[in-house]
Amino acid sequence: MLVKTEGIVLKNMKYKESDGILTVFTRKLGKISVMARGARNSKSQHLAGAQPLCYSDFVLYKGKSMYTLNNVDPIHNHYKLREDLDALSIASFFIELVDTVTIEGQSNNRLFTLFEESLGALERKKGDLSLHILRFLLQFLKYSGYEPYLKGCNQCGTGSSSRWLLNMEEGGLLCQHCQGNSSGIAKPLSKKTIRLANFLMVIDIEDLKELKVHPTLIKELDDVFLRYMMIHLDRTNFKSLDFLSKIRRDY
Ligand SMILES: [Zn+2]
């Protein structure tokens with residue numbers, strides 16, 4: 001049976017001499033493994049579309065244990081991302097995040113669109129790269145089912161408090177009165193940071209380039225939501241993140 005779907009290649013693992021096993025996040029089928037015969041051969045017509053980060057139309061044959069590549073037609077190869085170390089390391093982080101939460105048979109249209117539009121924006125390098133990372137991280141959490149509740153106190157519902165804490169495990173804010181009743185890891189968040197996080201969770205990618213944010217706010221959001229993500233994804237080792245934190249001092 002042949003299946004058609006859009007997809008973005010997350011990984012291309014060498015298999016035998018010139019074959020590749022692709023990990024593809026598809027719009028229709030979720031994340032799947034695809035056997036791409038001859039796809040690592042320099043003469044292969046599938047070579048371009050089988051590169052990590054390439055966004056393509058796929059035609060796949062569904063076999064008993066895995067999909068086999070029948071045809072791949074690149075829509076956007078995101079080639080420029082591979083020539084820019086900053087953009088590439090951020091894209092690698094996005095790949096690791098997407099790879100962690102996606103599974104076969106479970107499509108996630110909103111996450112797919114977020115991923116594709118974020119790669120495109122990174123390639124065009126419009127706006128503050130730190131804000132691109134934060135917008136992706138927050139919207140990624142939202143579309144993967146880990147959205148933090150930042151509209152008011154998670155326990156009593158109030159919208160006003162002189163100070164706020166984010167309860168990391170429960171994923172919600174605690175007002176000044178409820179902070180004593182809660183256990184677990186909690187991090188303070190300023191009102192400005194909460195407002196910015198709520199904004200980044202809904203802002204359109206094209207509007208991001210107009211946004212100017214003080215580095216201290218970015219740092220505060222980074223510290224809290226990277227930790228938050230690690231707790232909810234139950235994963236702390238992100239190869240791309242170690243590298244990213246090294247080069248990030250420069251922008
Ligand atoms: Zn409360």
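At what angle do helix α1 (residues 85-101) and helix α6 (residues 239-247) pack, and how far apart are their axes?

1. In this predicted model, helices α1 and α6 pack at an angle of about 150°, and their axes lie 8 Å apart. Because an angle over 145 degrees counts as roughly antiparallel, α1 and α6 are described as roughly antiparallel to each other. The crossing in which α1 passes α6 is left-handed.

2. On the α1 side, the residues that meet α6 are Leu85, Asp86, Ser89, Ile90, Ser92, Phe93 and Glu96, while α6 contributes Lys239, Ser240, Leu241, Phe243, Leu244 and Ile247. Sorted by class, the residues of this contact between α1 and α6 comprise seven nonpolar, three polar and three charged.

3. The contact of α4 with α5 involves Lys192, Thr193, Leu196, Ala197 and Leu200 from α4, together with Leu217, Glu220, Leu221 and Phe225 from α5. Its residues divide into six nonpolar, one polar and two charged.

4. Turning to the cysteines, the count of disulfides is zero, where a disulfide would require a pair of cysteine sulfur atoms within 2.5 Å. Cys156 has a relative accessibility of 45% and therefore counts as partly exposed, whereas Cys175, at 1% relative accessibility, counts as buried, the limit for that term being under 20%.

Definitions and conventions. Residues are numbered from 1 along each chain as its sequence is written. This is a predicted model: local features need pLDDT of at least 70, side-chain atom pairs count only at pLDDT 80 or more; totals for chains, interfaces and linings use all residues. Side-chain values use heavy atoms; hydrogens and water are left out. Axes are lines fitted to C-alpha atoms, for helices over the stretch in contact, and angles run from 0 to 180 degrees between N-to-C directions. Helices (H or I, at least four residues) and strands (E, at least two) are DSSP runs, numbered from the N terminus. Angles under 35 degrees count as roughly parallel, over 145 as roughly antiparallel, 65 to 115 as roughly perpendicular and the rest as oblique. A crossing is left-handed if the near helix is turned anticlockwise from the far one by less than a right angle, and right-handed if clockwise. Contact means heavy atoms within 4.5 Å. Ala, Val, Leu, Ile, Met, Phe, Trp, Tyr, Cys and Pro count as nonpolar, Asp, Glu, Lys and Arg as charged, and the others, Gly among them, as polar. Buried means under 20% relative accessible area, exposed over 50%, partly exposed in between (1.4 Å probe, protein chains only).
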